2 protein chains.
Amino acid sequence: MKTLVIGGCGFIGSHVVDSLVSAGGEVRVLSRRPEAFRAPVDGVDYVIGDMAEADVLARSLSGMDAVVHLASTTVPATSNLDPEGDIAGNLIGTVRLLQVMREAGVRRMVYLSSGGTVYGVPETDPVGEDHPLRPVTSYGIVKVAIEKYLHMDHRLHGLDYAVLRAANPYGPRQGRTGVQGIIGTLLWRLSRNAPIEVWGDGSVVRDYLHVRDMAALCVAALERPTTGVFNAGSGRGTSVAEILDIVARVTGRRLDPVRQPGRDFDVPRIVLDSGKARRTFGWQPEMALEDGIAETWDWVREQTALT
Amino acid sequence: MKTLVIGGCGFIGSHVVDSLVSAGGEVRVLSRRPEAFRAPVDGVDYVIGDMAEADVLARSLSGMDAVVHLASTTVPATSNLDPEGDIAGNLIGTVRLLQVMREAGVRRMVYLSSGGTVYGVPETDPVGEDHPLRPVTSYGIVKVAIEKYLHMDHRLHGLDYAVLRAANPYGPRQGRTGVQGIIGTLLWRLSRNAPIEVWGDGSVVRDYLHVRDMAALCVAALERPTTGVFNAGSGRGTSVAEILDIVARVTGRRLDPVRQPGRDFDVPRIVLDSGKARRTFGWQPEMALEDGIAETWDWVREQTALT
């Protein structure tokens, strides 16, 4: 199978590429820039360009059997500052992608949605896929709208798709800019002996999933065309306070975080019920959180030593 | 109360204006063009302009207490031809409106959503507000996304809103261009002795609501600030074949429709459960369908006589 990975040089994308290559697949990547942390992967066809440009998109899709769409121009924390840009960059961009895919006859997509934002403040614990969708970030609203366009394309034009509503992914290659999640941010800052900030009182609970487990699910969903929406999490809730404890243990550092006020778009607790993905794809997360954080810390220190 | 009615020169908007004026309210209208079928209403402040222009919007909102937002640049039948335009015109336009409302301190909105498209193919009969949202038109997807932005604004910035998911409104002042609904389209064509077209075998069932009943609910929702989503229908299903029978009876004409293939975005049957609006606002539809069609036929003939 020939797969186009849009956003394939990003944090999750780079691991999806690894999994696809390991499985013997042909892989093309469309990305706005090369990978930040390593050289291009042997055998992968890289197209560096913007999916908003029609010719770039058409060229990237040519000859492909399926698309894994992981690209986003925003993160939850920034999307509410510019919802118009969020809509223009992500929603309109994906609607165009769907049209070009129809024209090119590419009828299979795995789409990375957001388990942490589409549900809003959970009414159940854990949260299943049927939970009402009440996002409080533009990021989450745009993800929901994209999910609806995929469903429409399925109904009207036969697109097969798997929407993966990802929990909080973490692991090697998570960005150092501090917007992609607390674990990467903490470890990067510790590696530079920079001060650490924490929003709120430490009670916020999230569902953390190792990025290779996330990538494995993307590949499993690609291999077994089953149209639907699937939560992608560990099923375990971990508080910010517990993350700080694990990070202190793993790194041997004493953490003395600066406390910032809680953010209005942070829901207090969300843990995903990913039973549907487990049953449908025979998938399950393999990596224990403390092991994954230790691995990530090793990787961050390697990177820091290189610079 | 001072109310801005966006789209107040349109089919539903003109009746909302009538109801507000009757109730003694101060009314301003923002509309891209004047009413098609009558002179400006005495005492109403008309701003003719495009809500996409920031200065027009700011001027229109100045001094207002609430907004009734009825404007749309698309209809379900056209939205799938240009989903990007649908998103740009309606979703981005409304996100901008919300921002200007925040800046102006206007914290009450009644928004016209679409009961006929947001649910997709119904799993229940009738359909309640908790039914899954699986639209098969861009029109419906954009309505859903707008509902989500309203909810976000409520959670983060205290907007009070009522989303009214309207059934199929009909009645006097429905447009003659043939995109606003079967009843108006049939009557306008009959008045010109033009041939009549029907999509599908006549079995498609819809929930028809007289436009003054629709307007009355808008005003009731405006007067009683209760944030939420409300179906707005008659609760009764009527097939296309039944509509044809009623129209034949009311007009005394023999109908001989040209049958066109069914449209892929038409769901087979949808009837709304509007119990929540009835209970919350003490509202109920007053007009029987055959009476309403007879009234509309009288109005269409008057208009035809004038031209």
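Which element gives the largest share of the lining of the largest cavity? That share, 4 residues, comes from H5(B). Before we look around that spot, some ground rules. This is a predicted model, in which local features need pLDDT of at least 70, side-chain atom pairs count only at pLDDT 80 or more, and totals for chains, interfaces and linings use all residues. Residues are numbered from 1 along each chain as its sequence is written, chains are lettered from A and ligands numbered from 1 in the order in which they are written, and side-chain values use heavy atoms, with hydrogens and water left out.

**The cavity**

The structure holds 1 cavity of 30 Å³ or more, and the volume of the largest cavity is about 30 Å³. Here a cavity is a set of points on a 1 Å grid over the protein atoms alone where a 1.4 Å probe fits but cannot get out, and lining residues have an atom within 4 Å of a point. The volume is the space filled by probe spheres set on the points, which are joined across faces, edges and corners. Helix H4 (83-104) and helix H5 (138-157) of chain B are the elements that give two or more residues to this lining; helices are DSSP runs (H or I, at least four residues) and strands are too (E, at least two), numbered from the N terminus. Among the lining residues are B:Asp86, B:Asn90, B:Tyr139 and B:Lys143.

**The two copies**

Chain B is superposed on chain A by a rotation of 180 degrees with 0.0 Å of shift along its axis (RMSD 0.0 Å), so the two copies are related as by a two-fold rotation axis. In chain B, B:Ala145 comes closest to the rotation axis, at 3.0 Å (C-alpha).

**Aromatic pairs**

A search of the whole structure finds 8 aromatic pairs over all chains. Rings of Phe, Tyr and Trp (its six-membered ring) pair if their centres lie within 6.5 Å; planes under 30 degrees apart count as stacked, over 60 as edge-to-face and the rest as tilted. Two of these pairs are set out here:

| Pair | Centre to centre | Angle between planes | Type |
|---|---|---|---|
| A:Phe37 and A:Trp188 | 5.8 Å | 20 degrees | stacked |
| B:Phe37 and B:Trp188 | 5.8 Å | 20 degrees | stacked |

A:Phe37 lies in the loop between strand S2 (26-31) and strand S3 (45-48) of chain A and A:Trp188 in helix H6 (residues 182-191), so the pair ties together parts 151 residues apart in sequence.

Note on methods
1 Å grid on protein atoms, 1.4 Å probe; cavity = no way out; pocket = protein on both sides within 12 Å on 5 of 7 lines; lining within 4 Å. Least-squares fit on C-alpha atoms with pLDDT ≥ 70 in both.
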